[in-house]
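The following exercises are to be worked through with the sequence and the model at hand. Each task is followed by a solution in steps.

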Amino acid sequence: MVSVRESHFVRHDFDLQSWSKRHCSNVEQALVLQEVYQLLESKIQDQSSHHLVLRAREIVECLSAMSMDSESLQAAIVFVYVDEGVVPLSELDTFCSPSLMTLVSSACDMEEIRRLSCQSMVLSSQQVDNMRRMLLVMVEDVRAVVIKLAHQVCLLREARHAEEEVRVLLARDASQVYAPLANRLGIGQLKWELEDLAFHYLHPQTYKQIAISLDEKRIDRERFIDAFVSTLQRDLIQKGVAAEVYGRPKHIASIWKKMQRKNLSFHDLFDVRAVRVLTENIQACYAALGVIHTLFKPVQGEFDDYIAHPKANGYQSIHTVVLGDLGKAVEIQIRTHEMHQEAELGVAAHWKYKEGNVSKSCAYESKINWLRKILKWQDDLSESGTLMDEVRAQVFEERVYIFTPKGEVINLPDGATVLDFAYYIHSQVGHCAINAKVDGRIVPFHYKLSTGEQVDIMTSKTANPKRDWLNTNLGYIYTQRARSKIQYWFRQQDKDKNYAAGKEILERELSRLDRSLKDVKQLHQTFHYPNLDDLLIAIGAGTVRISKIMHYVQNQMKRDQLSSEELQDFLKKQKQVTKSAVQQVEVSGVGNLMTHFAGCCQPLPGDVITGYISKGRGITVHRHGCEQLNQLVERAPERMVDVSWCAHYAKGYKARVHVMADDRAGLLRDVTLVLTQEKSNVLNMSFNSQVAEQTATLLIDLEVYNVDALLRLLHKLNHIESVINVKRC
């Protein structure tokens, strides 16, 4: 379910003067808004850009409903035109005040948040700086965040007539980045709209089915709710509880999530019939709860008190499910009017500007306190390459609330351990930790914390972190911040040792390819390190995997061995063998979308794979670590999608095998014998003999069913007499 606004009804008799007065608190502000609107509308050169006018109106209406200040409304209009390139940022000073220009620029900086949707991206120094600037914007002027979120709602609405690729990209950003951010900032009004619109594009069939189910019995359900509300309102008045009772709107994305989470059918859901009770104060909330549980039978296990234990974003409300007439379940939310304002508007409810003075409440401060902490940690996080991971964790993950011995409340990601808690308090507390108590009992460092527990960390005078703490299989730490602190400590302590170890590891692997460190002098640039020594230290510390480096080196060697014409011919042939992957892979979080395998790496079942939304060709499926994929992701990280192999697909896949051997009589016979024994379906084979080197090369195209079968074949081919090397192309 999404909001309906004035701009959704295209009117030819649009009256700018009355429209601006409806959305501004006084005549003076309305006149300024009109001037900005008319000035920017005049910059549109042709009718094809008229949609920007409607978008500007909608974003103003959206922000006005959230009680945003006049400058925010002006900035929102300007941002629409700047974002589309109609007005360059450099020209804003000709008609914008300095504060308005700063706000528009800050909203533009929020574009960096789209990078959070890319799970495996390595940040360059420039990208780290962009991320820092974005975090500063969110802390210093959260209006820029609200403008960006409202703008995404407008873009999603416009995309209903766009190409599928555009809709999918926008919807993925909305569901994976912008809706979680709106939730973290407590802006429920935008969160639900983003989620519902994104769900409509990503799962159109499911959305339609739920919408039809909601409409099928709408009249009966509305009659039931009206009767339920009347009964409850009457009883609350009789008991002396002042409250407003009404049926609340249904959000299709929320319904679907609950169906998935609890494995329920639509007709088994509780919140299809939902009621909200608004009271004057907290005492009245609990008084209303008592009346409700006396009047109706509560459903066991369906009660949550978010007033006593608020959510991470500050959300407060009492949730309960009761049985009404005919045993029909009804979900009831009980909250104060102030809590309701918080739940709908979040930080936007506290961002009021009067004559240039900012007044922020404690609730506002608590909502962005997590951003301040990230900024405090940013140097350690960016050095360890986990700045983006920490931002993701703070925005997207569920939280647990832990008490310190002094009674302070600390919120951590769900799954955090006592060691994570120690490093959250301070780096030295984590480094010097020797023991931990939870609610007075001693627990191991890998103990996972739960909401409401009190943690006390005992420390020694000297720092003594253990390398085992970094072992993910042992489960000592969960958060990226704790991991980065430990890694940083070991890097400082063992720099010389890690350098020697990394150098030895890389030299050993390079020698197998008949290469040395002299041949890879520029390798550090590929992995975003300032020099080769720092890369060697990272290898020795385990920060960079040697397998990833060698994969890159081997690909470069292959390309270096080819002339420019041969390289073009090679790439052309690879494209020709690309095979349709329809129904061979499943795309996570997206409905029906065309897919095909990348010719550059030809993934097989069993390979770790990643999808990339290509222009006009649907989703291209690459092997994880594919060099070409890495280059594509560097340019457009938001196009990455999670994909997995379909379990039911039974047809074969094409793979190419390269065999190099000493040329001898009977070589081809021995190779074909192994292929026959393995029952391999050979699609094509070419044999090339190099007389001068006395070597032979075979290129074999095979039909295989999974990567295990291919690896078994490669192993047997490698054991044939005189075979030098066997590899998968």
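A residue is called buried when its relative accessible area is under 20%, exposed when that area is over 50%, and partly exposed in between, using a 1.4 Å probe and protein chains only. The model is predicted, so local features need pLDDT of at least 70 and side-chain atom pairs count only at pLDDT 80 or more, while totals for chains, interfaces and linings use all residues. Residues are numbered from 1 along each chain as its sequence is written, and side-chain values use heavy atoms, with hydrogens and water left out.

**Exercise 1. Classify the two partners of the salt bridge between Arg234 and Asp235.**

Step 1. A salt bridge requires a side-chain nitrogen of Lys or Arg within 4 Å of a carboxyl oxygen of Asp or Glu. The N to O distance for Arg234 and Asp235 is 3.7 Å.

Step 2. Asp235 has a relative accessible area of 14% and is therefore buried. Arg234, at 43%, is partly exposed.

**Exercise 2. Determine which parts of the chain are linked by the salt bridges of Glu158 with Arg55 and of Asp69 with Arg143.**

Step 1. The structure holds eleven salt bridges. In the one formed by Glu158 and Arg55, the closest N and O atoms are 2.7 Å apart. This pair links distant parts of the chain, since Glu158 belongs to helix α7 (residues 143–158) and Arg55 to helix α3 (residues 51–65), 103 residues apart. Helices (H or I, at least four residues) and strands (E, at least two) are DSSP runs, numbered from the N terminus.

Step 2. Arg55 is buried at 3% relative accessibility, whereas Glu158 is partly exposed at 27%.

Step 3. For Asp69 and Arg143 the closest N and O atoms are 2.9 Å apart.

**Exercise 3. Which residues of β15 lie on each side of the strand, and which strands pair with β15?**

Step 1. In a regular strand the side chains alternate between the two faces of the sheet. One side of β15 carries Ile609, Gly611 and Ile613, the other Thr610 and Tyr612, and all are buried.

Step 2. Two strands pair if DSSP finds at least two bridges between them. Five bridges join β15 (residues 609–613) to the antiparallel strand β16 (residues 619–623), where Arg623 is the bridge partner of Ile609.

Step 3. Strand β17 (residues 640–641) also pairs with β15 in the antiparallel sense, over two bridges. The bridge partner of Gly611 in β17 is Val641.

**Exercise 4. Characterise the hairpin of β20 and β21.**

Step 1. Strands β20 (residues 681–690) and β21 (residues 695–704) pair antiparallel over nine bridges. Among the bridge partners are Gln690 and Thr695.

Step 2. Four residues lie between the strands, and Gln694 takes a positive phi near 55°.
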